[in-house]
Amino acid sequence: MTDDRMALAQLLEKGSDSDLLREMIGYVAQRLMQLDVDGLVGAAHGERGEGRENWRNGYRERDWHTRSGTVPLRIPKLRRGSYFPAFLEPRRSAEKALAAVVQEAYVQGISTRSVDDLVKALGMTGISKSQVSRLCEEIDARVNAFLERPLEGDWPYLWIDATYVKTREAGRIVSVAVIVAVGVNTDGQREVLGLKVGHSEAEPFWTEFLRSLNRRGLRGVKLVISDSHEGIKAAVAKVFKATWQRCRVHFMRNALAHAGKTQRRMVSAAIGTVFVQDSADAARTQWRSVADQLRGKFPKLGVLMDEAENDVLAFMTFPRAHWTQIYSTNPLERLNAEIKRRTNVVGIFPNDASIVRLVGAMMLEQNDEWSLNRRYMQLEGLQTVSDTVPTRLSAVAR
């Protein structure tokens, strides 16, 4: 506490300094973070103790924009898990976006029970169209800047997936696809790379989406992971010189649909023996053996396995350290679940722009959170799937 008192005393001696308030805010913020982390690791800075399960691991620089000016902060990092101070409100943008979407629906006279209930709960019955317009413009500027930012470096792995939401079009309620692309760069960090709303998942839509990523600088893509969709597969072949990985989880669902309920456990176990093999060659041999065993009783399943072999096992030609992360679209499942949770609050969107506003704000926040977490993918093997040598490589995983 002696050091804290000395630091506070030094600030107070600057009584006439115009930066005093900003420096005081910074001091208090750093002290709050220090106390937070003390509780998380179970010991004060420099203190040793038995039975600890976590430790400090340096700091991450971040600017905090306040009414008193920009306050530079040093956010503590942990060896296990991540830490983000509550006073920075990591979910603020998405909450604003949600409010904006609800308000827009309200002022346009789109009355659904969910919208009406939210308007009352948030006390927005007196909101005007001009107020909604200003709020939307503020959020759209940030979201668009994020979604149109230049993409730098190589991105060897790209996951793409779609989820569906409801919107109004010409007085009708229709379902539209919300496409999200996530990539991992040669530093092992993942980011949300793009977002698009479309009324069809046909090949032209996917092709234009992937080309828009290329125009922003996406390069070095070696593997694209997605569900089995002919439009995606054709677009990937047209836009990238990359391998396509059929999501293993989705494939298993398709395979089990060809077996009766009482036989699905056996079929799942049989196909599962393929994925415990140590090499791509061994996996292919086992795949064909399992397909031959099953085709007598399940002829359609046998045909499916014959057709899907190369696409489902594509991941095994990449570095083994990455297999568990690149064999499926699971890295996007949690993201899609969160999109569903937030969009279900609205129910029916007033237009496509409002979908981009809300989902884009969520993706922006998710990207910020990922930037504070540990490296998503091991560096081992990333250089072998990169067209260029990384410009920076950290000595330790964050």
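**Helix pair and packing terms**

Analyst: Helix 8 and helix 11 run roughly antiparallel to each other. This is a predicted model.

User: Why are helix 8 and helix 11 called roughly antiparallel?

Analyst: The axes of helix 8 (residues 248-256) and helix 11 (residues 299-312) cross at roughly 175° and come within 11 Å. Angles over 145 degrees count as roughly antiparallel, and the pair is therefore given that label.

User: Which residues make the contact between helix 8 and helix 11?

Analyst: Helix 8 contributes Arg248, Phe251, Asn254 and Ala255, and helix 11 contributes Leu301, Leu304, Met305, Ala308 and Val312. Leaving aside neighbours within four places in sequence, Phe251 is in contact with Arg246, Ile271, Trp287, Leu304, Met305, Ala308 and Val312.

User: What makes a set of residues a nonpolar core, and which residues have the most contacts inside the largest one?

Analyst: The members must be buried residues of the listed nonpolar types, joined through side-chain atoms within 4.5 Å. The largest such core has 62 residues, and Tyr157, Phe251 and Ile271 have the most contacts inside it. Helix 14 (residues 352-372) gives the most to this core, with eight residues. A second, separate core has 23 residues, including Phe205 and Val236.

User: Why is the pair of Tyr157 and Trp159 called tilted?

Analyst: A search of the whole structure finds eight aromatic pairs. In the pair of Tyr157 and Trp159, the ring centres are 6.4 Å apart and the planes are at 55°. Tyr157 and Trp159 are both buried. Ring pairs also link these two with Phe318 and Tyr376 into a cluster.

User: How do you know that the charged end of Arg74 sits over the ring of Tyr59?

Analyst: The distance from the ring centre of Tyr59 is 4.0 Å, against a limit of 6 Å, with a further condition of 35 degrees from the ring normal. Arg248 likewise lies over the face of Tyr327, at 3.7 Å from the ring centre.

User: How many helices and strands does the chain have, and what percentage of its residues is buried?

Analyst: The chain has 14 helices and eight strands. Buried residues, meaning those under 20% relative accessible area, make up 46% of the 398 residues. Among contacts between residues at least 6 apart in sequence, 64% join residues at least 24 apart.

Key
Residues are numbered from 1 along each chain as its sequence is written. This is a predicted model: local features need pLDDT of at least 70, side-chain atom pairs count only at pLDDT 80 or more; totals for chains, interfaces and linings use all residues. Side-chain values use heavy atoms; hydrogens and water are left out. Buried means under 20% relative accessible area, exposed over 50%, partly exposed in between (1.4 Å probe, protein chains only). Helices (H or I, at least four residues) and strands (E, at least two) are DSSP runs, numbered from the N terminus. Contact means heavy atoms within 4.5 Å. Rings of Phe, Tyr and Trp (its six-membered ring) pair if their centres lie within 6.5 Å; planes under 30 degrees apart count as stacked, over 60 as edge-to-face and the rest as tilted. Axes are lines fitted to C-alpha atoms, for helices over the stretch in contact, and angles run from 0 to 180 degrees between N-to-C directions. Angles under 35 degrees count as roughly parallel, over 145 as roughly antiparallel, 65 to 115 as roughly perpendicular and the rest as oblique.
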